[in-house]
Amino acid sequence: MSGDVTAYRSFLEQLTDLLKSYFRKRFGDSSEVDDLIQEAMLAIHHRRHTFSNQVPITAWIHAIARYKCADWLREKKRHALLFEPLGEIDAPAADPIAAWQAKWDIRRLLATLPAKQRQAIEYVKLYGFSVAEAAIAMGMTEGAIKISVHRGLKAMGHLLSGDHFEPESA
Amino acid sequence: MNPSLLDQLALAAAKGPMHPSPLRAYTWVLLSITGALLFMLFGLGIRPDVSNASTSGVFWIKLAFPLTLSALTLQAVKRVAHPGATVGGSVILIVIAVVAFWTVALVPTFGGAPASLFQQDFWGRTWREGPLYIGVISLPMLGAAMWLLRNWGPVSVRLAGGLAGFVCGTLAAAIYALHCQESGFLFLGTWYLIGALIPAAIGAALGPSVLKW
């Protein structure tokens, strides 16, 4: 971390790879995620004086990446891009870009859920099946479908509120 | 990430570490402590019996208790300002110090001292104003502390703000001790602590907006 341009240059390269895998594993691959990766890298560069030898460098990088993660999700939540469109995904959207973003956001969130909950939400909330139809399609009782949808939505809600976001366990 | 950006960053880094100037930090710290002292001196006044009182042990304990907490909390702030460092251990030390002080303060009570003594030790005569003055004295230091912490990298912004506030609060309590004529340990353990928690609460409330990076 001290002196040497080429050494620091190669550190930044490795860092870029690390951050790419860190964020893409969580949020997939998009220009928005690329922006986030760049922001995290700049933050690490600008705050390089906060690295101390008492902390392992990977722990330092992860702490900053995690912070940027939580911050990013909090910002998104604040701008209310995410949750609002959930009920109206089938309605024709006025703005095709916003509609695409909403779909992408939901897919990203859904990917974090257990398969059962994800499928239940997809059938009932996205494809417009009734609870009874979804129950037949998934070979579950109607009650189980309702519970899965409810738990899934709740988990997604938790994920969106930064306080409960724990990327390490993702 | 485009390679030319990495080149630029590497060159920028080679020009020297982007370290916040320690000189400026010390200046801020000294100025804010001076401000707090001046407020105590001219706003409240040093206790009139200071030359007598300073020969007693209690006078020095009143300084040592909050200053010990300041020193312990400062360690915690240092850790919280560095991403990836754990803070739990140093926070536990602060709690241990408070519990230890309380244990000592309660010895007379459990040793069979009359309840009236407890009342007197606990409430003193100035429990209403003490915490408020400590809160006010801490404000210039709180401003400086939050400003300085912005240059570092706290990832738990609320905790960082709260701990920074507690450092300022305990320093303010030590400054207030020069004015205050109470001598009960229970008074110190309660009202000085509550006073110190005022800037801690303010710091924790401001943390997410002020310390965000």
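**View 1. Helix 4 of chain B and the helices that cover its buried residues.** In this predicted model, the cover over the buried residues of helix 4 of chain B includes helix 5 (88-110), helix 8 (157-176) and helix 9 (185-210) of chain B. The residues that are buried in helix 4 of chain B are Lys62(B), Phe65(B), Pro66(B), Leu69(B), Leu72(B), Thr73(B), Ala76(B), Val77(B), Arg79(B) and Val80(B), a list that includes the charged side chains of Lys62(B) and Arg79(B).

**View 2. The packing of helix 4 against helix 8 in chain B.** The axes of these two helices of chain B cross at roughly 160° and come within 8 Å, and therefore helix 4 of chain B counts as roughly antiparallel to helix 8 of chain B, the angle being over 145 degrees. The crossing of helix 4 of chain B and helix 8 of chain B is left-handed. From helix 4 of chain B the contact draws on Leu63(B), Pro66(B), Leu67(B), Leu69(B), Ser70(B), Thr73(B), Leu74(B), Ala76(B), Val77(B) and Val80(B), while helix 8 of chain B contributes Leu159(B), Ala160(B), Leu163(B), Ala164(B), Phe166(B), Val167(B), Thr170(B), Leu171(B), Ala173(B) and Ala174(B). By class, the residues of this contact are 17 nonpolar and three polar, with no charged residue.

**View 3. Helix 2 beside helix 8 in chain B.** Helix 2 (residues 22-44) of chain B packs with helix 8 of chain B at an angle of about 35°, and their axes are 10 Å apart. The crossing of helix 2 of chain B and helix 8 of chain B is right-handed. Here Ile33(B), Ala36(B), Leu37(B) and Met40(B) of helix 2 of chain B meet Leu171(B), Ala172(B), Ile175(B) and Tyr176(B) of helix 8 of chain B, and the residues of the contact comprise eight nonpolar, no polar and no charged. Leu171(B) of helix 8 of chain B takes part in the contact with helix 2 of chain B and is also listed in the contact with helix 4 of chain B.

**View 4. Helix 2 and helix 3 of chain A.** In chain A, helix 2 (residues 31-46) and helix 3 (residues 57-78) pack at an angle of about 135°, with 10 Å between their axes, which means that helix 2 of chain A is oblique to helix 3 of chain A. The crossing of helix 2 of chain A and helix 3 of chain A is right-handed. Leu36(A), Glu39(A), Ala40(A), Ala43(A) and Ile44(A) of helix 2 of chain A meet Ile61(A), Ile64(A), Ala65(A), Lys68(A) and Trp72(A) of helix 3 of chain A, and the residues of this contact divide into eight nonpolar, no polar and two charged.

View 5. Chain B has nine helices and zero strands, and its C-alpha atoms fill a box of roughly 75 × 35 × 30 Å along the principal axes. Of its 213 residues, 40% count as buried, and among the contacts in chain B with a separation of 6 or more, 86% join residues 24 or more positions apart. The contact between the chains takes 25 residues from chain A and 20 residues from chain B, and the residues on the side of chain B that touches chain A comprise 15 nonpolar, four polar and one charged.

Key. Residues are numbered from 1 along each chain as its sequence is written. Chains are lettered from A and ligands numbered from 1 in the order in which they are written. This is a predicted model: local features need pLDDT of at least 70, side-chain atom pairs count only at pLDDT 80 or more; totals for chains, interfaces and linings use all residues. Two residues are in contact if their C-beta atoms, placed from the backbone, lie within 7 Å. Helices (H or I, at least four residues) and strands (E, at least two) are DSSP runs, numbered from the N terminus. A residue is buried if 20 or more other C-beta atoms lie within 10 Å of its own, exposed if 12 or fewer, and partly exposed in between; C-beta atoms are placed from the backbone. Axes are lines fitted to C-alpha atoms, for helices over the stretch in contact, and angles run from 0 to 180 degrees between N-to-C directions. Angles under 35 degrees count as roughly parallel, over 145 as roughly antiparallel, 65 to 115 as roughly perpendicular and the rest as oblique. A crossing is left-handed if the near helix is turned anticlockwise from the far one by less than a right angle, and right-handed if clockwise.
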